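Hi everyone, thanks for coming. I'd like to walk you through one structure today, so please have a look at it while I talk.

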Amino acid sequence: MKHSIRLRLILIVSVMLVFAIVSIFLANIFLLPGFYQSMKQKQMSSVYGDVVDVCRGLDWQTMDEMELEDVYDRLDGISANRSISIYIMQISAGESGNIASINYVYPTSTERLKNTTMNAIAKYVRAMYFGEELDENCEELNKTENYAIYKVFDDRIGSNYIELTGELPDNYWLYMRANYTGITDNASLSNRFLIFVGIIVTLISIVVIFFMANRYTKPILKLADWVQEMRRLDFSSRFTVERADEIGILGAGMNELSEKLETTISEFKTANNELQNEIEKKSEQEQMRQEFIANVSHELKTPIALIQGYAEGLKENINEDPESRDFYCEVIIDEANKMNRMVKNLLSLNQLEFGGGQVKLEHFDLTEVIGSVAASAQIMFEQKDIELRYNEPEEHIMVWADEYMVEEVLTNYISNAVNHAECPDDGKPVIEIKTVVTGDTVRTSVFNTGDPIPEEDIDRIWSKFYKVDKARTREYGGNGIGLSIVKAIMEAHNQAFGVINYDNGVEFWFELCIK
């Protein structure tokens with residue numbers, strides 16, 4: 001396969017291995033000498049500190065043979081472990097400022113001290129402490145108050161060295177030397193070995209990656225076959241390869257996706273079935289629309305007929321006396337007012353139900369609104385000889401709501417209570433208004449004495465044009481829209497409302513937020 005993942009993995013790993021080997025090869029050639037030189041300087045500085053610690057407080061002239069042997073052993077250990085030649089000496093200056101004599105205290109074997117070494121020591125001491133110039137084969141790498149480090153090319157043997165000359169306690173001097181040329185040979189040998197090992201490792205890696213790629217591509221191909229089954233909307237099979245890696249996670253995700261697709265398709269079919277049912281219910285909705293029109297027509301038919309009849313009577317002068325004409329006019333005006341109220345209520349209800357009536361939240365005094373609505377209805381209480389019980393709270397109750405809409409709810413509740421209030425056995429009809437604060441909510445209720453609402457009608461009284469007692473509703477001119485308006489207003493506020501039956505009457509309530 002031209003775009004096989006297996007082939008790509010083999011190529012990528014091979015390129016990365018070759019890149020790593022070439023990088024190490026180049027680093028050995030260009031970076032290793034500088035790194036080695038830097039590390040050798042640090043090693044020299046460290047060895048200088050170790051030698052200072054060994055030599056501090058020693059009196060080379062007065063130590064016995066055993067003490068000297070112990071010091072020599074320690075210095076031999078430092079020299080051998082660090083691959084650095086160490087020389088300690090005492091230098092005497094002449095009258096002209098030159099070195100008069102050099103007395104070597106370590107090592108003591110004169111066979112190990114060649115003239116070239118002695119000359120180098122003298123040269124560096126003169127350069128460090130007497131200011132003499134170094135030759136062109138010597139490069140100063142680092143210099144401190146106590147020692148100096150040099151990179152030196154020895155013409156005699158053609159080798160590079162890292163050398164340190166420094167002062168020890170009690171006017172003794174230290175000279176250290178480490179071969180630097182060997183690092184080039186080591187780097188060359190390392191590169192040849194690296195090439196040899198790199199070729200072997202690359203070949204082995206290709207073989208290993210080939211088999212490893214097979215192990216990973218097989219479940220991926222299995223996933224691909226399974227996806228083909230899902231394309232045919234066959235969700236019965238599942239990815240069963242148990243793995244804890246990314247392929248296992250992908251397989252688990254595909255299993256979950258398959259289940260969700262199966263569930264979604266099932267839901268889609270269910271929704272499609274429901275849509276069919278909705279289409280079938282269209283005729284029912286059309287019937288409801290026709291019933292609504294019929295209800296409106298019925299509600300308007302009586303007042304229109306009365307207006308028409310009395311208007312024709314006036315035109316034909318059926319009764320010529322002024323008193324009868326005034327009665328006819330009052331009937332026409334009264335019926336026209338009823339029609340006007342119903343049309344306004346229908347418009348308000350339509351606005352609320354279809355989002356046209358925007359709720360404007362205000363912070364207002366609920367107590368004042370209740371008092372205002374109750375005062376406006378006082379004439380109705382007096383006409384029907386109804387006792388109003390309302391104990392105004394001592395503290396004002398501030399609520400968040402649309403003040404105009406809340407006033408509309410109260411007006412409908414009180415108007416409904418006035419029209420349905422009946423005399424109890426012990427006196428005249430009673431309407432009671434209460435406000436109860438609970439936490440961040442205030443409940444306002446309007447209670448009237450009378451017969452409770454039949455249980456089967458409680459949920460239906462909020463529907464448009466529904467009337468529990470049609471004869472009584474017709475008597476006071478109701479059209480069954482008031483409670484529908486209450487429902488629409490409270491739902492627009494997202495607040496609770498309802499009705500409670502009691503043995504001696506009915507209580508309508510609604511709630512508002514204080515905060």
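I'll go through a few strands, then a helix, and then the aromatic side chains. Before we start, please keep in mind that this is a predicted model.

Let's begin with strand β5, residues 159-168. How many of its 10 residues are buried? Eight of them are, so β5 is largely enclosed by the rest of the structure. Now look at its partners. Strand β4, residues 147-154, runs antiparallel to β5, and eight bridges join the two. Within that pairing, Asp154 stands opposite Ser159 of β5. The connection is a hairpin with four residues between the strands, and Gly158 in the turn has a positive phi of about 65°.

β5 also pairs with strand β6, residues 172-179, in the antiparallel sense over eight bridges. Here Leu168 has Tyr172 in β6 as its bridge partner. Again we have a hairpin, with three residues between β5 and β6, and this time the turn residue with a positive phi of about 65° is Asp170. So that's β4 to β5, and then β5 to β6.

While we're in this region, have a look at Arg177 and Tyr161. The charged end of Arg177 sits over the ring of Tyr161, 3.7 Å from the ring centre.

Strand β10, residues 430-438, runs parallel to strand β8, residues 387-390, with four bridges joining them. Leu388 stands opposite Ile431 of β10 there. β10 also pairs with β11, and in which sense do those two run? They run antiparallel, with eight bridges between them. In that pairing, Thr435 faces Thr444 of β11, the two standing opposite each other. β10 and β11 form a hairpin with two residues between them, and in the turn Gly439 has a positive phi of about 65°.

Now for the helix, α8, which spans residues 366-376. Its buried residues are Leu366, Thr367, Val369, Ile370, Val373 and Ala374. Why do I say they line one face? Seen down the axis of α8, these buried residues fall within an arc of 165°, so they share one face of the helix. For anyone who likes the reminder, an α-helix has 3.6 residues a turn, so residues three or four places apart point the same way. The face of α8 turned away from the buried side carries the exposed residues Glu368, Ala375 and Ser376.

Thr367 deserves a moment of its own. It is buried, with 3% relative accessibility. At the start of α8, a side-chain oxygen of Asp365 comes to within 3.0 Å of the backbone nitrogen of Thr367. The side chain of Thr367, in turn, reaches the backbone nitrogen of Ile397 at 3.4 Å. Leaving aside neighbours within four places in sequence, Thr367 is in contact with Tyr390, Glu392, Pro393, Glu395, His396 and Ile397.

Finally, the aromatics. There are 10 aromatic pairs in the structure. Trp60 and Tyr72 make one of them: the ring centres are 6.3 Å apart and the planes are at 25°, so this pair is stacked. Trp60 lies in the loop between α2 and α3, whereas Tyr72 is in helix α3, so the pair ties together parts that are 12 residues apart in sequence. Both Trp60 and Tyr72 are buried.

Compare that with Trp462 and Phe508. What is the arrangement of their rings? The centres are 5.9 Å apart and the planes are at 80°, so the pair is edge-to-face. It links distant parts of the chain, 46 residues apart, with Trp462 in the loop between β11 and α11 and Phe508 in strand β13. Trp462 counts as buried at 10% relative accessibility, and Phe508 counts as buried at 4%. These two also belong to one aromatic cluster, formed by Tyr413, Trp462, Phe497, Phe508 and Phe510.

One last stop, on Arg443. Arg443 lies over the face of Trp509, at 3.6 Å from the ring centre.

That's my tour, and I'm happy to go back to any of these places with you.

Note on methods:
Residues numbered from 1 in each chain as written. Predicted model: local features only at pLDDT ≥ 70, side-chain atom pairs only at ≥ 80, totals over all residues. Heavy atoms only, no water. Buried < 20%, exposed > 50% of the residue type's maximum accessible area, 1.4 Å probe, protein only. Arc of directions from axis to C-beta. Polar contact = N/O pair within 3.5 Å; in protein donor to acceptor, adjacent residues only side chain to side chain. Phe/Tyr/Trp six-rings, centres within 6.5 Å; stacked < 30°, edge-to-face > 60°. Lys NZ or Arg CZ within 6 Å of the ring centre and 35° of its normal. Contact = heavy atoms within 4.5 Å. Pairing = 2+ DSSP bridges.
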